[in-house]
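Student: I have a chain to go through with you. Can we take it question by question?

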Amino acid sequence: MFNVVYLVGLVAALVAGLLLGFLLRNRKRVNLGKVTFGIIVALIFSLGFSIGSNNELLSSFPKIGVNAVVILLLSVFFSVVFVKAARKLVKME
């Protein structure tokens, strides 16, 4: 899924941005906040479209949801247990 060509493309884009920013650093600054927000919205839309069009993924949502709830409950439970044990260990109570 993720191969060397994609990685090289990402690194090349990063290096190109760094070089362009370095060369234009003394000029008037351009506010790219709105452009960045628009790109993020497009990426989120693309992610939602990809998930919504994948029948296999949609059919596994209930199982993923149950697993997520179990992991959440166990995480909260053991966090509380370990915090109480640590507080007793350092005598904070």
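Predicted model: local features only at pLDDT ≥ 70, side-chain atom pairs only at ≥ 80, totals over all residues.

Student: Where does Ser 60 sit, and is it buried, partly exposed or exposed?
Tutor: Ser 60 lies in the loop between helix H3 (55–59) and H4. Buried means under 20% relative accessible area, exposed over 50%, partly exposed in between (1.4 Å probe, protein chains only). Ser 60 has 25% relative accessibility, so it counts as partly exposed.

Student: How many helices and strands are in the protein chain?
Tutor: Helices (H or I, at least four residues) and strands (E, at least two) are DSSP runs, numbered from the N terminus. Along the sequence the pattern reads α-α-α-α. The count is 4 helices and 0 strands.

Student: Is the chain a compact globule or more spread out?
Tutor: The radius of gyration is taken over C-alpha atoms, and the globule rule is 2.2 Å times the number of residues to the power 0.38. For 93 residues that rule gives 12 Å, and the protein chain is well over it at 23 Å, so the chain is more spread out.

Student: What does the C-alpha trace span along its principal axes, and what share of the residues is buried?
Tutor: The trace spans about 60 × 45 × 30 Å. Of the 93 residues in the protein chain, the buried share is 0%.

Student: Does the end-to-end distance of H1 agree or disagree with its residue count?
Tutor: The expected span of a helix is 1.5 Å times one less than its number of residues. H1 (residues 4–23) has 20 residues, so it should span 28 Å. Its end C-alpha atoms are 28 Å apart, and the two values agree.

Student: Which residue caps the N-terminal end of H1?
Tutor: Look to the backbone nitrogen of Val 5. A side-chain oxygen lies 3.1 Å from that nitrogen, and it belongs to Asn 3.

Student: How far apart are the end C-alpha atoms of H4?
Tutor: Helix H4 covers residues 61–89. Its 29 residues should span 42 Å at 1.5 Å a residue, and the model agrees at 41 Å.

Student: Which residue takes a positive phi just after H4?
Tutor: The angle is about 55°. The residue is Lys 91.

Student: How many aromatic pairs are there, and how are Phe 45 and Phe 49 arranged?
Tutor: Rings of Phe, Tyr and Trp (its six-membered ring) pair if their centres lie within 6.5 Å; planes under 30 degrees apart count as stacked, over 60 as edge-to-face and the rest as tilted. The count is 3 aromatic pairs. Phe 45 and Phe 49 are 6.4 Å centre to centre, with 25° between the planes: stacked.

Student: Where in the chain do Phe 45 and Phe 49 lie?
Tutor: An α-helix has 3.6 residues a turn, so residues three or four places apart point the same way. Phe 45 is exposed at 59% relative accessibility, and Phe 49 is exposed at 57%. They are 4 residues apart, about one turn, and both lie in helix H2 (residues 33–52).

Student: Over which ring does the charged end of Arg 25 sit?
Tutor: A charge sits over a ring if NZ of Lys or CZ of Arg is within 6 Å of the ring centre and within 35 degrees of the ring normal. The charged end of Arg 25 lies 3.9 Å from the centre of the ring of Phe 22.

Terms used:
Residues numbered from 1 in each chain as written. Heavy atoms only, no water. Polar contact = N/O pair within 3.5 Å; in protein donor to acceptor, adjacent residues only side chain to side chain.
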